[in-house]
Amino acid sequence: MATNEDQKQTESGRHQEVGHKSLLQSDALYQYILETSVFPREHEAMKELREVTAKHPWNIMTTSADEGQFLNMLLKLINAKNTMEIGVYTGYSLLATALALPEDGKILAMDINKENYELGLPVIKKAGVAHKIDFREGPALPVLDEMVKDEKNHGSYDFIFVDADKDNYINYHKRLIELVKVGGVIGYDNTLWNGSVVAPPDAPLRKYVRYYRDFVLELNKALAVDPRIEICMLPVGDGITICRRIK
């Protein structure tokens, strides 16, 4: 017969499985949020793409459903029209953005893997929002460097979402702060990095978690003292830091 301690350990083990996407106290609490406020209102295309992505071997890379809902509402609240996304994967967060933008809204979307994007593209097309997306395959930094050189791009973006290579987050920020408008928003995903940001140095972490943790910590420290922005770090998904440019 299982003891209370056994039950707690089992529950803890289950929670670790979704820990990459939720930093809440329990699976049950996270499931409550999904079933109460996310899934009942989830766009049919979002549901379909979420299910398609779940079958992909790298599905851990996807944006969580609650974060997708958050991004969709945030974009509507700030009346975003011209946006950018660095790191697309199958396009779940991209679809959340496209659905939130007005009919003439635009998203410059960049990813090094077009094949993953094309997995979700049929769903995006079916949703009738593919015309809003300008997808470019390849590293984002060279594109950003060219954009920064042209002053007409400065302050031209309402919203920018970054969910890509964590070791370049600082490099992205140096460029994106020039491209987002004053009053505009940059969102950096994974800023709590599986909870590892508070793990002791000798904690048993997966290799990729340990490798990228220092880069996430570096970003978090830099954003906290950047006088050009005000920030809010939210425990949604794997942690998202919202940066509003103030000057």
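The model is predicted, so local features are described only at pLDDT of at least 70 and side-chain atom pairs only at pLDDT 80 or more, while totals for chains, interfaces and linings use all residues. Residues are numbered from 1 along each chain as its sequence is written, and side-chain values use heavy atoms, leaving out hydrogens and water.

**Confidence**

The pLDDT, the predictor's confidence in each residue from 0 to 100, averages 89 over the protein chain. In the chain, 90% of the residues score at least 70. Residues 5–20 have a pLDDT below 50, and beyond near neighbours in sequence this stretch has 17 contacts in the model. A contact here means heavy atoms within 4.5 Å.

Helices (H or I, at least four residues) and strands (E, at least two) are DSSP runs numbered from the N terminus. Two strands pair if DSSP finds at least two bridges between them.

| Strands | Bridges | Direction | Residues standing opposite |
|---|---|---|---|
| E4 (157–162) and E5 | five | parallel | Val162 and Tyr188 |
| E6 (229–234) and E7 | six | antiparallel | Glu230 and Arg244 |

Seven of the ten residues of E5 are buried, so the strand is largely enclosed by the rest of the structure. Buried means under 20% relative accessible area, exposed over 50%, and partly exposed in between, with a 1.4 Å probe and protein chains only.

E4, helix H8 (residues 169–179) and E5 make a right-handed β-α-β unit. Right-handed means that, with the strands pointing away from the viewer, the path from the first strand over the helix to the second runs clockwise.

E6 and E7 form a hairpin with five residues between the strands, and Gly237 there takes a positive phi near 60°.

**Two asparagines with positive phi**

Most residues other than glycine have a negative phi. Asn79 has a positive phi of about 55° although it is not a glycine, and Asn190 has one of about 65°. Asn79 sits in the loop between helix H4 (65–77) and strand E1 (82–86), whereas Asn190 lies in the loop between strand E5 (180–189) and helix H9 (207–225). Is each of them buried or exposed? Asn79 is exposed, with a relative accessible area of 64%, while Asn190 is buried, at 4%.

**An enclosed helix**

Helix H5 (residues 92–100) has eight of its nine residues buried, so this helix is largely enclosed by the rest of the structure. Among the buried residues of H5 are Tyr92, Leu94, Leu95 and Thr97.

**Cysteines**

How many disulfides does the structure hold? The count is zero, where a disulfide is a pair of cysteine sulfur atoms within 2.5 Å. For Cys232, the closest cysteine sulfur belongs to Cys243 and is 9.8 Å away, so the two are too far apart for a bond. Cys243 in turn has the sulfur of Cys232 as its closest cysteine sulfur. Cys232 is partly exposed, with a relative accessible area of 39%, but Cys243 counts as buried at 1% relative accessibility.
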